[in-house]
Amino acid sequence: MPSIAAQPYEYELPIESEIALIVIDMQRDFLEPGGFGEALGNDVELATAIVPTVKRLLEGCRAMNLSIFHTQEGHRSDLSDCPQSKLKRGRGNLAIGDPGKFGRILVLGEPGNEIIPELAPIPGEVLIPKPGKGAFYSTDLEVQLIARNVTHLLIAGVTTEVCVQTTMREANDRGYECLLVEDATASYFPEFKQATLEMVRAQSGIVGWTATTDQVLEGLRSWKEN
Ligand code: TIU
């Protein structure tokens with residue numbers, strides 16, 4: 001059985017179904033100074049540091065013909081899909097919808113909401129705009145996964161304990177076998193990233209598995225050869 005060397009134990013790769021890569025929210029809002037991430041008081045350099053690794057993972061998965069999904073956190077321009085609670089708490093020196101350095105903060109279609117050019121989707125990849133932290137909430141992600149016979153999800157992106165972990169938990173409850181790629185995810189708080197890695201793989205993989213990009217690509221190669 002082809003597998004990825006992972007924690008807490010081997011992540012077996014499927015034979016009769018598909019694997020998808022989901023890259024969460026690698027958008028300017030969270031990665032560039034002047035966006036939503038920085039407006040909330042965070043140092044975005046911690047998030048930017050993973051870009052080369054995410055690119056390597058993305059290109060490796062493209063080479064294996066995996067289904068690729070990118071998500072993008074953002075709201076309609078009238079903010080009708082943004083709960084008052086998020087509007088009230090999602091404010092630092094700028095709030096959601098305010099004009100920022102790259103257009104209106106966290107609004108779909110604004111320059112700041114774009115996936116960074118290094119990781120931009122290519123034709124055939126699916127971009128999922130999402131109003132929440134989890135990628136299943138109020139999106140058609142699950143329909144798209146079912147249509148592609150996907151049962152296994154490799155998850156990367158930012159931030160580990162917010163949108164990445166929320167998505168992984170949503171997926172786990174829907175029956176997907178989820179692996180979080182350790183060096184292709186980042187938090188503005190390194191200790192929160194570490195805690196997330198440990199909590200998802202604790203209790204015999206209560207939420208899923210973790211592995212490095214090298215381990216993932218090596219396992220996928222053996223899967224492809226089978
Ligand atoms: N603030 C923070 O850590 N994250 C978010 O608001 N969104 C995502 O994690 N993408």
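1. First, a convention: a polar contact here is a pair of N or O atoms within 3.5 Å; within protein, one must be able to donate a hydrogen and the other to accept it, and residues adjacent in sequence count only if both atoms are side-chain atoms. By that rule, a ligand oxygen is 2.8 Å from an N or O atom in the Thr-159 side chain. Taken alone the ligand exposes 280 Å², and the protein buries 92% of that (Shrake-Rupley, 1.4 Å probe).

2. Keep in mind that this is a predicted model, where local features need pLDDT of at least 70, side-chain atom pairs count only at pLDDT 80 or more, and totals for chains, interfaces and linings use all residues. Numbering runs from 1 along each chain as its sequence is written, and side-chain values use heavy atoms, with hydrogens and water left out.

3. What classes make up the shell around the ligand? There are 6 nonpolar, 1 polar and 3 charged residues. Among the residues surrounding the ligand (a heavy atom within 4 Å) are Phe-30, Leu-40, Glu-73, Val-158 and Tyr-188.

4. There's also 1 cavity of 30 Å³ or more (on a 1 Å grid over the protein atoms alone, a set of points where a 1.4 Å probe fits but cannot get out; lining residues have an atom within 4 Å of a point). The largest cavity holds about 30 Å³ of space, and its lining includes Asp-29, Lys-101, Phe-102, Arg-104 and Ile-105.

Definitions and conventions:
Ala, Val, Leu, Ile, Met, Phe, Trp, Tyr, Cys and Pro count as nonpolar, Asp, Glu, Lys and Arg as charged, and the others, Gly among them, as polar. On a 1 Å grid over the protein atoms alone, a cavity is a set of points where a 1.4 Å probe fits but cannot get out, and a pocket is an open set with protein on both sides within 12 Å along at least five of seven lines; lining residues have an atom within 4 Å of a point. Grid points are joined across faces, edges and corners, and a volume is the space filled by probe spheres set on the points.
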